[in-house]
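Let's walk through this structure piece by piece. Have it open beside you and look up each part as we get to it.

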Amino acid sequence: MTSVRNKWLISSRSTTLLLLIITIFVIMSAIKGSLFYSSKNLSSIFSNLSYDMLLACGMTFVLILGGIDLSVGSVLAFTGIVVTTLLRNGESIAFAIGLGLLVSMLIGTTNGLLVSVFNIAPFIATLAMMSVFRGMSYVMTSGYFVVGLPEVYSSIARGSLLGISNKIIISVGIMAILSFLSIKHVSIRRMFYVGNNYNAAFLSGISARKTTILGYMICSILAGIAGILITSSFDMGQASFGVGYEMRAISAAVIGGASMSGGEGDFIGTALGVILVALVNNVFIMFNGSPNWSTAISGIMLIVAVALDILRSKRRPQGI
Amino acid sequence: MLRKIKNKMNLHYLVLIFCITCIFVIMSIQSPFFLTWNNIDVLVNNFIMEAIMALGMTMVIISGGIDISISGILPFIAIIFAKLMLIGVNPWLASLIGLVVSGTIGLFNNSLRHVLRLHPMIVTMATQLTLKGLNLAITGGSVLSKFSRSFTSFTAQRPLGLSIPIWIYILLAVLFVALSKHNRRFIHVFFVGGSNEASMLSGMKINSIFRMVYVISAILAGLAGILSVTVYNSASYSFGQGVEMKVITAVAIGGTSLTHGGEGSITGTLLGTLFMAIVYNAFVMSGISTYYQDVFTGGMLIVAVLLSEGARAINKRTNQAKSLIK
Amino acid sequence: MGLLELKNINKSFADNLVLSDVSLSFHAGEIHSIVGENGAGKSTLMKIIGGIYRADSGAVYLNGKLANMRNPIDAYRAGIGIVHQELSLADNMTVAQNVFANREPIGPIGFVRWKKLYQDTENEFQKIGVAIKPDVLVKTLSIGMQQIVEIVKVLSQNINILIFDEPTSALSDSEAQNMFSLLVKLKEQGKLIIFISHKLNEVCHISDRVSVLRDGKYIGTLEHGEIEEDRIISMMVGRDLSNLYPPKSSKLNGDIVLETKNLSRVDKFHDVSITVRSGEILGIFGLVGAGRTEFAYSLFGADRIDSGKVTFEGEDVTFKSPTDAIAKGVCYLSEDRKRLGLFVNMIVANNIVASSLKKFINRSGFLEFDKMQVVSLEYVERLNIQPANCISNYVSNLSGGNQQKVLLAKWITTNPKLLIVDEPTRGVDVGAKAKIHSILRDLAEAGLGIIMISSELPEILGLSDRVAVMNNGKLITVLDNNDLSEEMILNKAFNKHVVGL
């Protein structure tokens with residue numbers, strides 16, 4: 001009985017990732033000592049973690065559906081600018097955040113419609129949307145920072161509870177809720193069916209289109225939340241926030257067990273993937289000294305992650 | 001029957017030419033500066049790198065793939081070229097090295113695609129990201145400049161009033177139109193894009209055809225990088241930001257299908273490129289924020305894809321079962 | 001001594017013996033047809049000749065010499081070409097480019113010599129007496145013309161033996177006529193034509209000899225003058241119905257579950273009117289392309305209905321999607337298990353509950369895993385899915401028969417009133433076949449209406465209570481399954497298909 005449950009719930013991938021993370025931690029602490037585990041370094045590792053966590057979590061949904069969403073970085077920036085602009089114009093925080101989330105939801109819905117109804121390849125559709133909303137962000141701000149926000153707003157991300165920063169609590173909390181839902185909630189379970197075999201899902205009475213749209217919608221909303229957190233944390237809106245974040249999100253999700261061919265994905269794995277990517281980045285910087293390498297590392301990790309994914313699926317028994 | 005199809009393609013060209021003419025006329029009326037030699041010069045030179053890369057991208061997309069690594073290759077080769085010159089290497093030799101390196105990157109793209117059976121989008125995205133990171137790391141974010149006087153005066157030449165990149169583009173455009181219409185290897189690109197299976201059954205070596213298009217695309221991006229150095233007399237990691245979107249959009253506007261390989265033409269791309277160049281210029285002339293360029297590019301890409309897929313998409317919406325029956 | 005000789009060919013896939021000890025001889029300058037039911041082994045035999053498959057044992061002799069062909073290119077070199085059922089043309093290219101694909105005449109710098117290419121193409125077409133513009137795009141041609149391009153492409157490579165696998169299935173009558181005169185012309189040029197078709201009237205019309213396969217065995221060859229449809233049919237059948245099948249329905253006059261009136265879908269099926277009663281199995285027989293699967297799709301809401309009426313349990317219904325149909329109690333088991341049925345990378349239990357997720361959720365939409373597990377276990381036991389502890393195995397690890405049972409379980413879980421099964425025992429071993437048949441009969445006895453689409457006559461005869469025969473998108477007849485014979489059904493399915501010869 002329990003064995004079935006385990007297959008339903010826990011992947012062995014997560015255990016491997018956890019061990020890997022711990023190993024890196026131990027080795028680094030041994031080599032670099034306090035330089036590594038100083039609170040300054042640790043907080044630099046985790047500085048981007050909360051945004052990455054949200055984006056990677058959203059990306060996992062889309063990957064499960066067999067799609068991809070390149071627009072998340074732009075959605076993050078755009079939502080942030082919508083919210084901060086509203087705040088600067090004196091709107092209430094609740095209204096600004098509500099409208100920001102609505103905007104991100106609409107972008108996600110558009111992505112989903114382009115992909116599932118108009119049959120545009122996901123990477124083309126979301127690449128175009130990425131360009132549109134990055135441009136919109138610049139148009140709305142003319143390239144300037146949006147500043148002069150109410151103090152309460154910045155306390156959303158900057159505050160802390162029991163010594164843990166709010167943004168970590170929020171993103172990890174959302175991640176945990178979604179990961180719980182993904183196992184147990186029917187509308188998310190359907191995504192696995194759709195990603196695994198779109199036609200079979202349709203013939204099994206699962207509304208493949210609605211499910212796809214829902215996936216892209218959740219992904220964009222999470223990017224929107226990340227946009228709110230990042231603007232709150234920096235106390236300003238900026239059009240260049242989130243450039244290249246989509247790549248880190250894809251890497252982390254794939255490292256965490258999501259398959260590029262759809263039908264598979266594991267939120268705990270994704271969370272561990274995010275930590276691993278951040279950690280490897282940090283290790284590299286510790287030895288090399290230049291944070292400029294971090295983009296290159298994301299690229300290499302993406303290739304490695306996808307290559308491992310392909311090798312894994314080759315080993316899996318296929319066919320009738 | 002033949003006439004019908006030819007007309008369909010011609011219709012696409014005609015519509016594009018009509019649009020281009022319209023913008024041209026409107027802009028000339030609206031702004032007295034539009035039709036000045038100076039502005040035409042700016043218009044052409046501002047989109048020349050994209051235009052060069054669009055030639056290679058067209059072949060990649062016709063083969064059924066895509067290459068977004070070009071926005072990483074362009075600055076990477078520019079930096080290598082600049083670094084080599086700064087340590088005293090002859091510019092011609094440095095150019096050659098730059099082109100060879102970019103070709104190697106194209107080979108690498110194709111090998112990853114072939115060996116791992118990955119979608120070219122993922123492969124070239126990873127390459128792009130890696131190169132962008134390398135660019136930043138190599139330069140440390142600073143701009144490379146201060147080349148020798150002889151180099152800068154050589155590159156500033158304008159034979160017959162046209163800059164060197166434009167001459168190179170004209171040569172390349174003629175070459176690519178001719179090759180894509182008459183060269184056997186280039187025709188096989190259309191074949192492979194149209195039907196992998198038919199090509200294989202006809203005994204074509206599919207991978208070597210893919211290899212050719214990815215190498216060409218990468219070399220043209222490298223060339224654009226070298227030319228950027230000659231134009232700006234500097235090299236920076238920030239060259240070529242978002243250039244892949246503009247290039248892909250120009251190709252899509254030119255009538256090359258992003259969803260079905262084997263459909264498209266270099267001629268269409270030439271028109272698509274001209275269209276984009278004029279629209280961007282019109283933005284500047286009308287005083288609209290250049291930031292609208294990105295919005296416009298993304299929007300045009302979606303529109304172009306929707307137009308070319310429109311009929312098919314609507315058909316499928318009413319009849320999902322189509323994909324069920326083989 | 002024939003041009004092509006097959007000696008004692010054996011071939012099996014997994015444990016399934018597809019060809020057993022087949023020996024055949026073909027002569028130059030003849031049209032030699034191969035006929036047999038679906039699964040008789042015709043296509044496999046042709047693929048062995050064409051180098052696509054290799055025989056497990058036995059030999060192929062060409063002009064008396066042993067030919068060892070490992071791939072289609074070897075076969076081409078030996079002068080053997082297959083005109084495939086699915087065309088292998090790139091339809092975005094011109095006729096000439098397709099005919100001479102990868103063999104274009106080129107000048108010094110790799111530029112194609114168009115004049116020569118077009119001239120060569122025209123010459124190739126002239127050889128068979130067809131005039132065509134060589135610079136026309138293939139996609140603008142009719143299917144029939146495309147078929148001719150495909151034939152010319154094969155012929156242009158110095159081919160002596162031409163294999164046609166169901167060449168007329170996509171052709172209109174006049175296109176088929178043109179093709180037959182082409183075949184005769186080629187025969188007169190001394191080429192060997194091997195012709196595979198389901199359409200017996202065509203076979204009788206053009207063949208010099210006809211060989212019959214049944215269940216992977218060679219039955220015999222009819223010489224010119226002996227060729228008659230009745231004779232061919234009796235050779236194709238000749239199988240006795242064993243007691244493998246469960247008894248027929250015990251209550252034939254159940255309530256009407258489903259009734260269709262003049263149901264039509266453009267280009268797919270026309271004016272199909274059937275009734276299905278609870279407790280019965282209605283078999284639908286027809287050849288490939290008869291419109292059976294398309295009819296099922298429309299009934300199931302996976303495709304539109306253009307005109308006609310569906311009455312389900314006494315009320316008029318239109319299913320907008322499979323979701324609607326399933327909610328009302330109509331289910332459809334697809335013929336393409338892997339592509340349209342299974343979630344291959346998911347475990348058995350997930351596959352079983354796929355269509356009935358709604359039954360396993362509480363009020364807030366959370367799934368109740370314990371319930372799902374209990375139900376999955378119950379069906380594994382009830383349908384005897386092997387291995388018995390498989391519910392957490394990936395479904396791809398099961399055998400074909402057990403996968404089919406998993407799919408059946410998926411549908412039974414939804415509590416259907418009407419179950420449509422499409423080729424329920426395709427690619428399934430004998431034991432599982434019998435089990436699936438008895439499951440279907442049990443379901444009918446429990447009150448379901450069942451529509452069984454099948455191309456296997458023994459299955460249709462052995463299991464159905466009534467038999468509907470479809471051809472070319474039309475319902476030909478519905479027969480009570482009393483004293484029906486395979487000949488009677490085949491006659492209905494074939495004879496109506498007059499090509500106007």
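Two residues are in contact if their C-beta atoms, placed from the backbone, lie within 7 Å. With that in mind, in chain A, residues 24 or more positions apart account for 79% of the contacts with a separation of 6 or more. Bear in mind that this is a predicted model.

**Chain A as a whole**

- Chain A has 16 helices and two strands.
- Its C-alpha trace spans about 65 × 50 × 35 Å along the principal axes.
- A compact globule with 320 residues would have a radius of gyration near 20 Å, and chain A agrees, because it has 20 Å.
- How much of chain A counts as buried? The figure is 54% of its 320 residues.

**Two helices side by side in chain A**

- Two packed helices are described by the angle between their axes and the distance between the axes.
- For helix α5 (residues 49–64) and helix α13 (residues 208–234) of chain A, the axes come within 8 Å and cross at roughly 175°.
- Angles over 145 degrees count as roughly antiparallel, so that is how α5(A) and α13(A) lie to each other.
- On the α5(A) side, the residues that meet α13(A) include Leu54(A), Leu55(A), Met59(A) and Phe61(A).
- Their partners in α13(A) include Ile218(A), Leu222(A), Ile225(A) and Leu229(A).

**Where chain A meets chain B**

- Here 41 residues of chain A are in contact with 40 residues of chain B.
- On the chain A side, the elements giving two or more residues are α8 (122–141), α12 (198–203) and α16 (294–315).
- Which of them gives the largest share? That's α8(A), with 13 residues.
- Sorted by class, the side of chain A that touches chain B has 27 nonpolar, 13 polar and one charged residues.

**Where chain B meets chain C**

- This contact takes 28 residues from chain B and 26 residues from chain C.
- From chain B, α1 (2–30), α9 (184–194) and α10 (196–201) each supply at least two residues.
- The most comes from α9(B), which gives six residues to the side touching chain C.
- That side of chain B has 12 nonpolar, 11 polar and five charged residues.

**An enclosed helix in chain B**

- Is helix α12 (residues 243–253) of chain B buried or exposed? All the way along, it's buried: 11 of its 11 residues are, so the helix is largely enclosed by the rest of the structure.
- Just after α12(B) comes Gly255(B), with a positive phi of about 100°.

**The sheet in chain C**

- Six strands of chain C form an open sheet, in the order β6-β7-β8-β3-β9-β10, with mixed pairing.
- At the edges sit β6 (80–83) and β10 (217–222) of chain C, and each pairs on one side only.
- From one strand to the next, the twist averages 20°.
- Strand β9 (residues 209–214) of chain C pairs with β10(C) in the antiparallel sense, over five bridges.
- Look for Arg214(C), which stands opposite Lys217(C) in β10(C).
- Helix α8 (residues 229–236) of chain C packs on the sheet and touches β3 (31–35), β9 and β10 of chain C.
- The direction of α8(C) makes about 25° with that of β9(C).

Key:
Residues numbered from 1 in each chain as written. Chains lettered and ligands numbered in written order. Predicted model: local features only at pLDDT ≥ 70, side-chain atom pairs only at ≥ 80, totals over all residues. Helix = DSSP H or I, 4+ residues; strand = E, 2+ residues; numbered from the N terminus. Nonpolar A, V, L, I, M, F, W, Y, C, P; charged D, E, K, R; others polar. Rg over C-alpha atoms; globule rule 2.2 N^0.38 Å. Buried ≥ 20, exposed ≤ 12 C-beta atoms within 10 Å, placed from the backbone. Pairing = 2+ DSSP bridges. Axes fitted to C-alpha atoms, helices over the stretch in contact; angles between N-to-C directions. Parallel < 35°, antiparallel > 145°, perpendicular 65-115°, else oblique.
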